[in-house]
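I opened the model to look up a few contacts, the sheet order and the metal site. My entries follow.

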Amino acid sequence: MTTPTTTSDLNPTAADSGRSATATFAQKERDAAPVDSARVSTVARAALAALHEVIREHQLTYAEYDALKAWLIRVGDDGEWPLFLDVFVEHVVEEVVHADRRGAVGTIEGPYYVPGSPEFAGEATLPMRDGEPGTPLTFQGTVTDLDGTPVDGAVVDLWQADADGYYSRFAPGIPEWNLRGTIRTGADGRYTFHTIAPAPYQIPTDGATGALITAAGWHAWRPAHLHLKVTASGTLPVTTQLYFDGGEHIADDVAQAVKPELILRPTPAASGNGVEVTYDFRLDPA
Ligand code: DHB
Ligand code: FE
């Protein structure tokens, strides 16, 4: 006999998504290259010096130092280091690393990418549930090199939240690859995804990151977005997000990851069903 599913079983918690994000990151980190000790010394010394300066400038008290320690411990206990770092730190890493790019504009990856989503050739309806809520969205375009020549065999990997702002694999009760899929382009470089428009995403409010946001009186929202990774041989991969013109929190993303080049302006679909938008990726040479 199976146990009936109750609403509380399906209630997503920060600790659930935090644990999943931490486990996903641990898998990626196992493949990482070893680090150089002189570089560790330089960067760690500079980071600590910056923190010492904050303590002096703001005359930290012992009560505040202990609150900081308790909060740092809680971030780890909640498995929220990937979430916290990707919201508050990653956008500057992305800016520094990709400063020389001439083609497609990138932004943060965030904690919810999972490699290996179902693959399609040229056109795909993303895996979704029967009656998946949300406005139907056709998202299409061409992958080219910097000169505009279509790239054959480019891989466009898309992942997104559902209309409630939840990601499959990180919130309970959602099928494994829901709203995740990969298209391999043909010689015309074209891709077409049929999906639904995502909803704004709220950083989990019941975990350590949410506790900081609440204590500071900030808001916890990111504008609705599609996540993409585009890769092709001979080019630099791009990881980005696309947003929707006029969407809530476009101008005050808690993760500071919106750029003007990344805002889509969908129009009513020619089919009469939902909306459609075209976005081309020009890839930098490797
Ligand atoms: C976080 C979630 C996202 O969907 C995203 O794009 C970036 C960050 C987060 O919860 O940390
Ligand atoms: Fe996201």
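Predicted model: local features only at pLDDT ≥ 70, side-chain atom pairs only at ≥ 80, totals over all residues.

With residues within four places in sequence left aside, tyrosine 191 is in contact (heavy atoms within 4.5 Å) with Gly122, Phe139, Gln140, Gly141, Thr142, Val143, Val156, Ile183, Thr185, Tyr279 and Phe281.

Buried means under 20% relative accessible area, exposed over 50% and partly exposed in between, with a 1.4 Å probe and protein chains only. I took helices (H or I, at least four residues) and strands (E, at least two) as DSSP runs numbered from the N terminus.

**Sheet**

I noted an open sheet of six strands in the order S1-S5-S4-S9-S10-S11, with mixed pairing. S1 (119–121) and S11 (263–264) stand at the edges with a single partner strand each, so one side of each has no neighbour in the sheet. Strands count as paired if DSSP finds at least two bridges between them.

S1 and S5 (residues 180–184) run parallel and are joined by three bridges; alanine 121 has arginine 184 as its bridge partner in S5. S4 and S9 are antiparallel over six bridges, and glutamine 160 is partnered by leucine 226 in S9. S9 and S10 (residues 238–244) are also antiparallel over six bridges; here leucine 226 stands opposite leucine 242. In the S9 and S10 hairpin, with six residues between the strands, I found glycine 234 at a positive phi near 80 degrees.

**Iron site**

Which residues coordinate the iron ion (ligand 2)? Tyr167 (OH), His225 (NE2) and His227 (NE2) do, at 1.9 to 2.1 Å. Donors are N, O and S atoms within 2.8 Å of the metal (3.2 Å for Na, K and Ca); water is not among the atoms, so sites may look incomplete. Tyrosine 167 lies in the loop between S4 (155–160) and S5, and histidine 227 in S9 (residues 225–231), so the pair ties together parts 60 residues apart in sequence. Both tyrosine 167 and histidine 227 are buried. Six of the seven residues of S9 are buried, so S9 is largely enclosed by the rest of the structure.

**Conventions**

Residues are numbered from 1 along each chain as its sequence is written, and chains are lettered from A and ligands numbered from 1 in the order written. Local features need pLDDT of at least 70, side-chain atom pairs count only at pLDDT 80 or more, totals for chains, interfaces and linings use all residues, and side-chain values use heavy atoms, with hydrogens and water left out.
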